[in-house]
Every structure is written in structure tokens, then in C-alpha cells.
Amino acid sequence: MGLGWNLNAGAQVVLSSRDDIDENNAYVDYIPDDDNIINYFKLHPYKHEAIASISADLDKSRVKDMYVFSSPTVNGSFYIKNFAANEVVTVPPDAFKVELIGGDRSNLKFKITDKQGNIYKLNTTETSVRAMTHSDYYLSAWYVDEIVTPSNAKISFVYTDDGVLSDKSFSQKVDITQKTTYGSTCTSPVITNSVGSVVDEKSNTETFLKKIKQINFNDGKSRILFTKNVGRQDLFNGATNGYLSKIEIQQMTIDGFESIKGYTFEYSYFSTGSTYNDKRLKLDRILNLFGENEDEFVYSTISLPNKTSKGQDYYGYNNGLTNNLDLIPKHYLSGPYPTEVGKADRSVSTSFIQAGILKEIHYRTKGWTRFNYENNQFYGVDVLNQYVPVIVNSSVIQGTGGTVPVKEGPGPNDGNICLNTNPADCVNYVSIPYTAVNAVGILTFKLAKLEGDHPTLLKYHYARVRVISGSNVIYDSGRLVTLDVNESLTLPKSGTIEVEVYGQYYSINNLQLKYVNKDLTPKNVLGSGLRIQSIENYDHDNTLILKKEYDYSNITDITHNSGKLINEMATTFSTKSFTNYNYYTCDVEGSLCTPGLNSQRTYSICSNSRFGIEGNSVIYQYVREKQIDTKNQINNFYTQYEFTTGGDEIPLGSPAVQISTTWKRGKVLSKKVYKTRGTADYIVEEEKNTYFEDASNTSSYVGFKMFRNSTTNIRENPSDPFTPMCPYFLDGGIEVLQSIEPVGFSVPLLWYYQKSSEKTSYFYDSSNTLTGKVITSTTFNYNNPLHLQLSSQTTTNSLGETLETKYFYAQDAQVSDKPFINELKTANMIGIPLSTQSFKGGAKISEQLTHYDKSASTSNLLLPKSVYANKGSSGIDLNVDKKITYDLYDDHGNILQYTPENGIPVSVIWGYDKTQPIAKIENLPYSAIAPETITNLQTLSNNDSDNCMSGDCSEQVLRNALNSFRNSFPNAFVSTYTYNRLIGVTSMTDAKGFSSYYEYDR
């Protein structure tokens, strides 16, 4: 639907891959025992040949893919622990049930049941392929085809192909290599170092898309149609890709389907360039079926760059820079020799980052809303500042004179300022300041000699460059002889570059100190993306009527931002090094084995960080929302929130295994509401919450990964496993556990829930003097890890009274003897309270119990049959405490007859294709109504296609029939109803015959 917009319809499971795709990894369900592997190689330290045989495909990652499920009733994640055993683990523990359908992973489908028993059947799939191989196809998304409720209501979904989406990624690297080579005669090794050129790395994942086309419900009599336009100018080969152009909600009538409501969508593109890389789809407005504007969207006027632009900050957002030659942040290396790697300025922009952002929404009512943004910030060490270069330059520093020089100062080890009567005989002394904190960099300059090395003319000429950090000289060139200098430096503190030049034929040219700081001082740092600064609401005449401002400061020190990076991880753009070792026997005379060893050690400096700083979002501990009502100050208030900010689970210290623990973040720890009167603020509400991780139900994320540090051709000496034989003993040999790191992991993810809540209300008199407060404390108890539902909650009110409510579910022992308990558990209807008990001061004061049934009277659906309730301390008596019986249901789960405790039956006739009650009849059993009468009323309601009162209108014909039906049962109390389908009730006639009529706007 355009940049930043998504349409969620139905339910879906989306694959979140980790390392190798599970579907393409035959060994993914076999988890090697890392302890056994390590112990084996402790006994066979040089048996590299065993790596391939000790366990099948050790190099194949067993980091399991995660599956992310979203639906109207439940959201969560899970992974497949063992496909053959149909073993699925929800992350974190959750009450929804996942069943795997299909003989293998390539035909995988899902059946997911929520805790109320709603079933999601996900059979439509999207397939992806990583274009590097063109062979490893895998299922990447599953879409719901049908939702079935316990009452047998069904919603079906139809999809259409939507072309191929090419997800292209681009990165760069520079390889740093040290190569060691022994000659054929095993002479001293030759070591060569090299810094490679920038290498482009491209990848492309193609996904064969599905898009929603139609949703059917009410037995196919109602539907939602999704119409798309074909031809996306912003996608590679986008001629067959579509975008949503219309949504229509339709109802079947005697003349076919009729549109009841709907919307059309109008688009344009950001940028007017000629290629797909220049364009991004933009949703401009939403209109109703009458062509009237519903919403219109205004975006930032800052231009979005080409998709291949190298003007990106560290997090991948636009920073507006057009002169970056690559994407690799600047690095100054001291080894293998002083050099600079990377040309990119990846700093965060405070302006260009807002390119393409939504700025305004204009409504049909002529009012509108403006959104103002600012950069996300976190408080901490600016770890990325080490890649922001500081450059100190100097123009030519020319010497003068030619006879014996006189020092000019003052400077370290120098005399007083030159007092010579001939200034030309003074040394040209220049001091250049720089500011640095734990910096590393490179000093470069050139000594220019206009007369070459003429011994007479240059007899007294000299030049000298020193770098002083704090009070220490960290570099001193001495009297320069070398013409070109390229020196790596470490600069702990700020200081100066001191240059001395004497002689008219000497000069220092192109002096430059380039460095990056590693400042470990915490500060407010720009993070990834944007946050809301304020939201302004305007009336039709552009008058500001309401404004909300957001402040993210730390309440304990407002100069500090409360933002933090979700994960505190090292920040580096350098990979781990990898070494190839090749042992061999030198070609020498005699029978002696003379070893040789060639090796190549390589690491890379990359455009992407090793530990994933690109995805490290900012989360806030404190947020203050201030409401400013420009028309009525009495509505002015602000709310101060404190949230949980827990990080992800990263057991190996690497995003190779990372579990996003979103369920533990963003929970409200405290909430305080203040009213504003003049310049003063008064607290009116306060809320404090606590949360708990419960080990009684723990999901374990289990897997294995082997890291390789090197390869080698070493083989074990069968006669002495602990001593490598020739030629493998050179340099002590390479043990297997130096070359590989086998790591098994089992990450515990605990059941997480709210444990308590305390709410306080404050009261004031007309002078805003505090007159009192009311405190209510509630404790939430979750006692059964089988169903994970709330077992009880205990509330202590302001009077000191303790009120407790207990809940019992199908998996609780207290209701194990109730009817159809096993059927409820099988249907996963484990989140429905069957029994509720209330206590005051520890004494029971009431109870309610629901029995279920599955028989002919419920149309063989598992539905409530009876509800019992009583007051006092006694248990439920099934003979005297029955409050209502649901005597009869139809095959849609609609109640046809129920009987309250007074014994008077109430019957209900369902019309409009059994979607709405059209008659409620009190004091008459359903069996007393002639079936043909029911059928006639249902048929008339099914044919109701208008909303008028003249005699020949289909709705009036229905009303007349309902009135005749009422008159035929003088001893019953009959209420009747008519409707516009999918809109609402149009008339109600009560048991006394009084009618009310309803009309709706469009």
C-alpha cells in the first residue's frame, strides 16, 4: 500500500530465518552434543580428519528458524524443535497450539488453535529462493485459508499471485591479509601483508508473492473484495506486481452481490526518476465508494535518495551525503602498515533522515493532524564516534634563512622567542592544536627540498615534526631526512603538532593528522530512526485545538535521555580472522622430514557491523506525554510513564543466535497523571506495576553452531595422538579446538506475566489542596503452568477489604469431573473460565459454574449448556443453583432456545442467513413454532434488500410478516428486529408493539 503502510487481513505465519534455512538443512533436528565433541578432541587434539565423521555435517548450523504468527486473537512466535515428532515450542510459553501438517518441511502447513478454540488453517504459502544458488527454494510465509470458531462460524480467504519480489541487498568489504610462505628449502618464511581493494557483495532473495483477493463469511453470503492495480514502477521487473486499489464489502441479495461499503486508494511515487531504484510507492489518499475523500496524506518534502545510494547512516537511514565513495566507515589502521580503509561518512543526519516520513493527515471533516519528529537518542558511550574522522590540515610551512639558525619558541626544549636582528635567520616554528580523546590516526606530511641534497646550500637547513598529546611527546621525527612520512599514532589526549623548519629551500607540505576518537564518556547519542516529538490537531479553519508533546528525558536527570540501545553489544565492522594453514615437507636431500608451513590469515572490514548495530533499536525507560488544549485549559494534563527495557537473549554474544524478547519490553512499570492549573501541576492518578518471570513453565530454544577459525591439513599420529608427527609439529601444530568452536546452547525463556498493580487516585478541593487519596492494590496469581491463565486476583481496596476472584479452567483439577472436560482440552479451549469464585476477607461469597455439551441439542458443537450460580459459602448445587439452560442451538452455534431459572422458555428465530436474531419469543418453546413459519420468516429476511416502509418494500413485507407472527401467539411476549446487513439494525418492535426505526449515514 505504499512506503510505510501495510494491510493486515486474516492471519499469517512469517518465517524469520536464522543462518541456514531449516527446510534446506537435513540435519537441523539433530543437535550434536558439544561436550562430547570437545571431550573427544581433547583426547585427539590433532585429528582434524575426524571433524567430518564425528557428527554429520557439523558445519551446518542448527540455529532454528523462528516462525512469527499474527492473527486477530493471538500473536506469538514458535520454532519447530523436531519436525518428525510434531514438536513445536512457543517462545515464550503461550497457550496457543501449533500442529504441523504435511509429510515434510517442503510441504509444511500449519493448523493453529488459540486458547478459546478458534482454529486457523494456514495452507496458502509463499516461496522464496536465494538467487545465489537458484536451487534452495523454501517456504517463507503461510496465509490463513480458513478460520473456524467453536460455534462453527467460518471465514475463508482467497489469494492471488502477485509476481516476484526481488529483495536485493548490497554490502562491501576490504580484506586485510597476512601471508606467510616458506621456500622449498624451508628457509626463513617470507611474510607479505596486503590491504585489498573494496569488494562489492550482492545478494538477492526472490519471493513469489501472494496477495489477498477475497474474504468470505456468513456462509459465503458476505464478502470483502480486494482489487489491485498491476504494474509497480518501484520494483525490479514490477510489471506483474500489484498494489491495492479498492476494498469493497459486499452482501448477497436477490439480484447478486451489492457493495455496502468500500474504499479506493490513490497513489503516486516518491521521486520522478526513470528507474525502479529512483521510485517508491506513496499512498496519497483514501476515498469512499462515493468518491469523497476520507483521508489525505502529506509527506516530508525532503527527497528520498536512489535505493542504491551510499548516503546511509550506520543504521541504514538516509543521511543525505552524495560524496560517499563506498559504504565502509573510515578506519585508520596501524597494521599491517599505516593506511586508511573505508571512505564513508555514516554519521546520522537530523534532517535528511525525515525524507519520506508522514507529516500530515487531512480528514473528511476538514480537520487535520500534523506529526513532528526528532531523532531517536540514547544515553551512553558513542561507540560509533570512532568512525567519524577528524582531520587537522596545515598549509605549506616554509623555512627562511640559510646561515646558522637561531631558535624561535617557546616550545618544548626550545629557547626564548627569537630576538635576532635578522628575522630571516629564525626558525619558522608553527604550533597546530588538535582535540582528541583516546584517538587513533595517521600523520602524513612531505619534506620538500627545492635544491635536492646540495651539501653547501643545505648545510644548516633542517625540519622537525613532533606530536604532543597532553604533556607527552608521542612522535618526534628528529631532523628529517625522509621525504614522505606516513605514521600511525595513538593520541590519548588533546595536544599540538609542533613543526620546526629552517632554511629557504626546506618546507613541510601536505601535513595532515587524520584520526578518530574513542571517547568513552557517556552522553546523549543519536540513534536509529525517528521518534514523535509532538502531534498537533487542527480544526477545519487551521486553528490549533489540541497538541500532545513527548519528552523522553530521564526523570532522575533531565539532561540525560532515557533511551537505551536494546542490546549492549560490541560495535565493530571487522570480522574475526580466519587462517588457512598448509603444512608440507620441504624438498631436501636425505631421509629427514623437514617441515614447512604456509599460512594465510585474513580478516575483513565491512560495511555492515559484525554484531548487528544496524538492527539495534532504541527503547525508552521514561516518556512524558503532555496534552495542551488551546481552548480549555482545564483539559491540560500530562502523563509520565516508566517502561520495562529488557534486552534480547543473545547467548553466544553474536546475533547468530538472537531471540527478540519483545514480550518483556514496553510494559508499564509506573504511570502518573498530573493536571495542570496555571504553572502548577497536581498528581491525580498513579499506577505501579510489577512483572514476573516464572520458571514453572519454560520454553527452551535449543540448537548448535560450530564456528571455524581456521583450516589445516594436520592429521593425527596414530601412535601418539598428543604429539603431531612431521611436518605437522612446526610452530607447535594446530589443535582441532583451536580451529573449531563447537557450541551447543539451550536458552531458557520463562513464562512472563504481570504480578501486581497498585492504583492511587488523588482528590483536591476547589483551591487545589489535596484532600485525600484512595489506594487499590491487586495481585495477579498464575498457578497452573499447563494453561498459563490467570488463576486468581486479589484486590485490597481503600477500606482495607480484601476481595479475591478465583478462576478454574479445563486443565485445572478442580473442574476435572465436569462434563466434556477432555473434549474442551482436545479443542484447546483452555482459556475459558468454567468456574469463577469470589471471596471477601477470605470467606467465599459467590460462585458461578458453566457446563458444556456436545450433542444433538448443540448440533454436535462443543458449546455451553448450563450456567449455575449461587451466593454464600456453599458449593454449587446442580439441583437448585441452575440459572440458565441453553436448550437448543442451530448448526451455526446460534441459541434457538434458552430457559432462565424462572422456567419460562425463550425462543429465538435467526434470519438474514442465520446471522441476526429477527424474533425473540418469551414463554414459548422453539418446538411450538411451526417449521414452515420459521422458514418463511427466514426467507423473507434473506430477501430483505432495502430499507423503506412502503407496502411493496422487501423490508416492510418482512415487518408485516413479523407482526402477523406476533399476533399469532397472544400468550407470548414477542420482540422483532430488521436490519441492513453489515450495517446495523433498522427497526425494533418490542413486546408491546412499539416500534423504533434507525437510519445511518454513509
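Modeller: Cys593 and Cys726 form a disulfide, with 1.8 Å between their sulfur atoms. This is a predicted model, so every value here is computed from predicted coordinates. The angle about the S-S bond is -85°, and the link of Cys593 and Cys726 is left-handed. Cys593 lies in the loop between strand E35 (578–585) and strand E36 (595–606). Cys726 lies in the loop between strand E42 (710–711) and helix H3 (736–739). The pair therefore ties together parts that are 133 residues apart in sequence.

Now the exposure of these two residues. Cys593 has a relative accessible area of 33%, so it counts as partly exposed. Cys726 has a relative accessibility of 24% and is also partly exposed. The cut-off for buried is under 20%.

A search of the whole structure finds two disulfides. The other pair is Cys948 and Cys953, with sulfur atoms 1.7 Å apart. The angle about the S-S bond is -120° for Cys948 and Cys953, and this link is left-handed. Cys948 is partly exposed, at a relative accessible area of 24%. Cys953 is buried, at 7% relative accessibility. A disulfide is a covalent bond between the sulfur atoms of two cysteines.

Cys606 has 14% relative accessibility, so it counts as buried. By residue number, Cys606 falls within strand E36 (595–606).

E14 gives the most, with six residues. By class, the lining of this pocket has 11 nonpolar, 10 polar and nine charged residues.

To recap the links: Cys593 pairs with Cys726, and Cys948 pairs with Cys953. Of these cysteines, Cys953 is buried, whereas Cys593 is partly exposed.

Methods: Residues numbered from 1 in each chain as written. Predicted model: local features only at pLDDT ≥ 70, side-chain atom pairs only at ≥ 80, totals over all residues. Heavy atoms only, no water. Helix = DSSP H or I, 4+ residues; strand = E, 2+ residues; numbered from the N terminus. Nonpolar A, V, L, I, M, F, W, Y, C, P; charged D, E, K, R; others polar. Disulfide = S-S within 2.5 Å. Buried < 20%, exposed > 50% of the residue type's maximum accessible area, 1.4 Å probe, protein only.
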